[in-house]
Amino acid sequence: MSEILLQVLNLKKYFPVKQGFFIKRTVAEVKAVDDVSFEVMKGKTFALVGESGCGKTTAARTILRLTDPTFGQIFFNGKDLSKLKYKELLPYRKRMQIVFQDPMGSLNPRMTVAQIVTEPMLFHGIVKNRKEAYDRAKTLMQMVGLRPFHLDRYPHQFSGGQRQRIAIARAISIEPDFIVLDEPTSSLDVSVQAQIVNMFLDFQDRFKFSYLFISHNLSLVRFISHTVGIMYLGRIVEMGDTDEIFEEPLHPYSKALLSATPIPDPIVERARKRIILTGGVPSPIKRPDGCFFNPRCPYKMDICEKEYPELRKISENRRVACHLVK
Ligand SMILES: Nc1ncnc2c1ncn2[C@@H]1O[C@H](COP(=O)(O)OP(=O)(O)OP(=O)(O)O)[C@@H](O)[C@H]1O
Ligand SMILES: [Mg+2]
């Protein structure tokens, strides 16, 4: 049995939509994350998937307290971080890191790689001085497959894959327990993607990192994650063991989403039925009544237009929010 590292309970993040020239009034709310609960186990990977705009990044940013939650609790090793003040958060900041999609945007172009990689170690005081930080940075460079002399260069002198390695070196420099990987490989070539993903897996093996992995790439999610939550318009509609969900998705949205991932077996692949969703994702400002997915659902019933289905436990490892699934 593995232990829980992070437990998110009923998390909500609403953004006000303001209107007016001089006096700004709140006229609506974007319910970017709306009552989301999940757990990340120690040394394991939980993935969040779903179409663009469904709230994955907002959920991650709120958990890391880069933005304040509207409601809900964020238990990290049993301690609720949701209401902690800046100073109280510092010891937890040291244990959580994030790697973004775009390494150019997340690395300061005016800083050398050495400055970038040593900054968190110096800030959190886990090294005694600059010399020690620099020495550790050399080791980190080797760990992520770069040469120590690269430390004296600037981010623009590297390729996309190398820049992502620098971002990873920075993230692991303070030996965190938990790392958010927000589309960490989607800006990279496929061959480079594979190297970076293997590095994540290797580090998880060696250092028991827990990952929150956010991706559009479902093949990658299947390969890397132990458990997965499928999001639609700010809510999780299905959650459980990755293998079980990919074998047999139960929510109509998960079925449609997963039917779009290729299976590397031509016989299975040919026999498979694709579910093509009609219509786009509704606006998170004005969501449909009842189940948010009902306007696009091929199995819609009357009740689906009236009641939002609760996320019910339907087996030991599976929760589904659908009136059809008993
Ligand atoms: N700072 C903000 N102010 C207002 N609305 C925001 C803000 N940040 C995000 N949103 C809105 O919240 C919703 C969720 O956005 P988010 O970036 O979390 O989605 P995502 O699932 O990460 O999408 P993608 O796959 O494209 O990265 C979107 O409708 C977005 O427009
Ligand atoms: Mg995002």
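Lys79 belongs to strand β5, which spans residues 79-80; strands are DSSP runs of E of at least two residues and helices are runs of H or I of at least four, numbered from the N terminus. The model is predicted, so that local features require pLDDT of at least 70 and side-chain atom pairs pLDDT 80 or more, whereas totals for chains, interfaces and linings use all residues. Residues are numbered from 1 along each chain as its sequence is written, chains are lettered from A and ligands numbered from 1 in the order in which they are written, and side-chain values use heavy atoms, without hydrogens and water.

Lys79 is partly exposed because its relative accessible area is 38%, a value between the limits for buried (under 20%) and exposed (over 50%), with a 1.4 Å probe and protein chains only. Beyond residues up to four places away in sequence, Lys79 touches Ile74, Leu84 and Tyr92 (contact: heavy atoms within 4.5 Å). The C-alpha atoms of Lys79 and Leu6 are 9.2 Å apart, although 73 residues separate the two in sequence.

The residues around ligand 1 include Phe15, Val30, Lys56 and Pro284, where a residue counts if one of its heavy atoms lies within 4 Å. Helix α1 (56-63) and strand β2 (25-41) each supply at least two residues of this shell, and α1 gives the most, with three.

For an N or O atom in the His216 side chain, the distance to a ligand 1 oxygen is 3.1 Å.

Methods
A polar contact is a pair of N or O atoms within 3.5 Å; within protein, one must be able to donate a hydrogen and the other to accept it, and residues adjacent in sequence count only if both atoms are side-chain atoms.
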